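Q: I am new to this structure and would like a short walk through it. Could we begin with the terms needed for the helices?

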Amino acid sequence: MSQIIYGIHPVEEALKSPHIQLEKILIATQKPTPPFQSILHLACQRQIPVIYTQKETLEQMARGGLHQNIVAITKEISYVDLEEILSRWKEETTKALFLILDGIQDPQNFGSLIRTALGCGVHGIIIPKDRAVGITPTVIKASAGATAHLPIAKVTNLSRTIEALQKVGIWVYGASGEVKEKIYELDLSSDVAIVIGAEGKGIRPLVKKKCDRLFSIPMKGPLTSFNASVSGGMILYEVMRQRSLCK
């Protein structure tokens, strides 16, 4: 089954990834700027056909998304299983960092979280099969192409997945606005997985019970929580900060 990727950065990152099989690229400009020239060079190296077409065609394909005059058609981006993510972590011989997303449904939030996770050294993202957004063209665009480089596992049961992580020595910490313990009071320098819940609902009770510890992000004002992608950015950066102090 084919899938589309649109936007300059997502297409360029897809071309750089050996894990994504592009079928062809469609461009709606006759005067390629330097970013387009880079894409054309990569497409030539990988022997991927480039077709020049009308802007209206791309607008229909992107369904209103900001395509920036370029769309790529690829085989559907596949998910990996939990064992593969764990295997990649063990091969790197670095402290584990996984991101578990419990029911994120907004594609912009999911895409932003993928981009942040890649930039913060996350080994892999884990999402549930049901009641959560998957890898869609909007998610790929929002991630600025990060989906081409970061493995994402889709699992049937998050609670069992957490147990599997704990069995290999990974501490699982869940973000929960109502608890008193703050994120900077945790030791995040060990092997950890961070759980972030759905927009407005947070982590589901059964998943929350499986976490080793819960923490909150301190905030001021009348609101009770940050946006999911903003929370993810602050949490993952705190992990990076603590680990940099341990070197």
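A: Axes are lines fitted to C-alpha atoms, for helices over the stretch in contact, and angles run from 0 to 180 degrees between N-to-C directions. Helices (H or I, at least four residues) and strands (E, at least two) are DSSP runs, numbered from the N terminus. The model is predicted: local features need pLDDT of at least 70 and side-chain atom pairs count only at pLDDT 80 or more, while totals for chains, interfaces and linings use all residues. Residues are numbered from 1 along each chain as its sequence is written, and side-chain values use heavy atoms, with hydrogens and water left out.

Q: At what angle do the axes of helix 1 and helix 2 cross?
A: They cross at roughly 25° and come within 10 Å. Helix 1 and helix 2 are therefore roughly parallel to each other, a label given to angles under 35 degrees.

Q: Which residues make the contact between them?
A: Helix 1 contributes Ile8, Val11, Glu12, Leu15 and Lys16, and helix 2 contributes Pro35, Phe36, Ser38, Ile39, Leu42 and Ala43. Contact here means heavy atoms within 4.5 Å.

Q: What do these helices lie across?
A: Helix 1 (residues 8-16) lies across strand 1, strand 2 (22-27) and strand 4, at about 125° to strand 1. Helix 2 (residues 34-45) lies across strand 2, strand 3 and strand 4, at about 150° to strand 2.

Q: In what order do the strands come in the sheet?
A: The four strands form an open sheet in the order 1-4-2-3, with mixed pairing; two strands pair if DSSP finds at least two bridges between them. Strand 1 (2-6) and strand 3 (50-52) are at the edges, each with a single partner strand, so one side of each has no neighbour in the sheet. From one strand to the next, the twist averages 25°.

Q: How many bridges join strand 1 to strand 4?
A: Five bridges join them, and the two strands run antiparallel. Ile4 has Ile73 in strand 4 as its bridge partner.

Methods
Parallel < 35°, antiparallel > 145°, perpendicular 65-115°, else oblique.
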